[in-house]
Amino acid sequence: MTNVELEKEFHKRFNREPERIFFCPGRVNLIGEHIDYNGGQVMPCAITSGTWLVLAHNADSVLRFECINFPENASIRLQSSYSKTGKEWFNYPLGMIDQLLQEGHAISGLDMLFYGNLPIGAGLSSSASIEVLTGFAFSEVFRLGITPKEIALLGKKVENEFIGVNSGIMDQFAVAMGKKDKAILLNCDTLEYEYIPFEIGEYVLAIINSNKQRTLAESRYNERFAECGAALKILRQEIEADFLCDITPEEFNSKKYLISDPVLQKRALHVVTENERVKQATIALKGGDLKQFGALMYASHQSLKELYEVSGKELDAIVDFCKTYPGCIGARMTGAGFGGCAIALIKKDGFKDFEAKLTEYYSGKVGYAPQVFASAIGGGVREEPFLKPH
Ligand code: GLA
């Protein structure tokens, strides 16, 4: 949908003129998976698909939520705090509004229409996108003066405290701070970050949605979070570390005997080696060595599959196909896993062929088709130009 169409839709639903329009992207993570809540470095980038919010003030002291993607609407009176009610989509913006209230910010009534073109719950951070979008729009509309980085941190609190997922800071940071054609190298402990030019020349970044519905993703994610905490606790008997990512692969190897549970040992091994891969991937990308970068993507996937056990037959089928495809130099699942999306680096001129052959292979293996698209790297959350005079 174009901005003008969104503005028209707002008018149709609320029978009044909208005032402003905001956009927040989704993200993919190039490498560094299940690393953010372990205090290491990740390398996400914002994409050009995302979520829009068209809004206008109202004098009714009511927050009205409508969404083009979902039939459920809500009309909620202004209160001093909110809590999660059910599983409806508006809990995400409501969680952000609750954070703003907890921070002591003053807000008033708004009519809001949301729309997104990200596949929902597919690992492209549709939830971080709508959280950060809401925080940014409220900060602008009510002149709250909150920086995008602070909004990202509030978004993490929404996930952790309001929604109940122990996720890290990566997604919210990426969608708040993304930059066109740049990967973000983010230290998830200190929040120091660096933009790295994502120059892939004759290649394109393909996003492949497995179309596998994620089941029990939240509880399995929290399980991994707990397993990492348990492994760290054991290792801290002999190693000084605040996070698993403070431990080098060598140190880990010399102390891994402390962990008697083989499952916990595998989880920790993924984390320490994946963190190391991000360092190597940074060197490869800065040095223009895309083949090496691609090899690290494959290694990351292997580790997520075998050690962290968050892949699945759908994501594995995609990566297996990529390994045999001559125009592909690297592929991996991206995001939390348990279904969702994979990414791949594909020769530009062979993209159509890749799409057709992968679709055929995947449909044969899995029983339904994936969705394959070439993605551009876009900017972070922002206000969009308003196209109709108001
Ligand atoms: C989800 C979480 C992130 C991160 C990834 C895995 O996207 O929201 O914080 O942990 O999974 O890397």
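**Where the domains meet**

Modeller: The side chains of Glu33 and Arg332 form a salt bridge, with 2.8 Å from N to O. This is a predicted model, and the count between domain 1 and domain 2 is 2 salt bridges. The domain assignment gives domain 1 as 3–199 + 378–384 and domain 2 as 203–375. Taken over C-alpha atoms, the centres of domain 1 and domain 2 are 25 Å apart. Contact between them involves 37 residues of domain 1 and 43 residues of domain 2.

The size of an interface is often given as the accessible area lost when the parts come together. Here domain 1 and domain 2 bury about 3200 Å² between them, and 64% of that is on carbon and sulfur atoms. On the domain 1 side, Ile31, Glu33 and His34 lose the most area to domain 2, together 20% of what that side buries.

Next, the interior. In soluble globular proteins, nonpolar side chains tend to be buried together. The largest nonpolar core in this model has 100 residues, and Phe65, Met112, Phe114, Phe138, Ile247 and Phe354 have the most contacts inside it. Helix 3 (residues 126–141) gives the most to this core, with 8 residues. Domain 1 and domain 2 each supply at least three residues to this core. Another core, of 30 residues, lies apart from it; Leu185, Ile207, Leu285 and Cys341 are among them.

Phe114 shows some of the surroundings in detail. Beyond its neighbours within four places in sequence, Phe114 is in contact with residues including Trp52, Leu53, Phe65, Trp89 and Pro93. The contacts of Phe114 also include Ile130, Leu133 and Thr134.

Phe136 lies in helix 3. Phe136 counts as buried because its relative accessibility is 11%, and the cut-off for buried is under 20%. Not counting residues up to four places away in sequence, Phe136 touches Phe22, Ile151, Val381, Arg382 and Glu383. Phe136 and Gly378 are 242 residues apart in sequence, while their C-alpha atoms are 17 Å apart in space.

Last, helix 9 (residues 290–306). Its 17 residues should span 24 Å at 1.5 Å a residue, and its end C-alpha atoms are 24 Å apart, so the two values agree. Buried residues in helix 9 include Leu290, Phe293, Gly294, Leu296 and Met297. Tyr298, Ser300, His301, Ser303 and Leu304 of helix 9 are buried as well.

Definitions and conventions. Residues numbered from 1 in each chain as written. Predicted model: local features only at pLDDT ≥ 70, side-chain atom pairs only at ≥ 80, totals over all residues. Heavy atoms only, no water. Core = buried A, V, L, I, M, F, W, Y, C linked by side-chain atoms within 4.5 Å. Buried < 20%, exposed > 50% of the residue type's maximum accessible area, 1.4 Å probe, protein only. Helix = DSSP H or I, 4+ residues; strand = E, 2+ residues; numbered from the N terminus. Domains from an automatic or database assignment. Contact = heavy atoms within 4.5 Å. Expected span 1.5 Å × (residues − 1). Buried area = accessible area lost by both parts, 1.4 Å probe. Salt bridge = Lys/Arg side-chain N within 4 Å of Asp/Glu carboxyl O.
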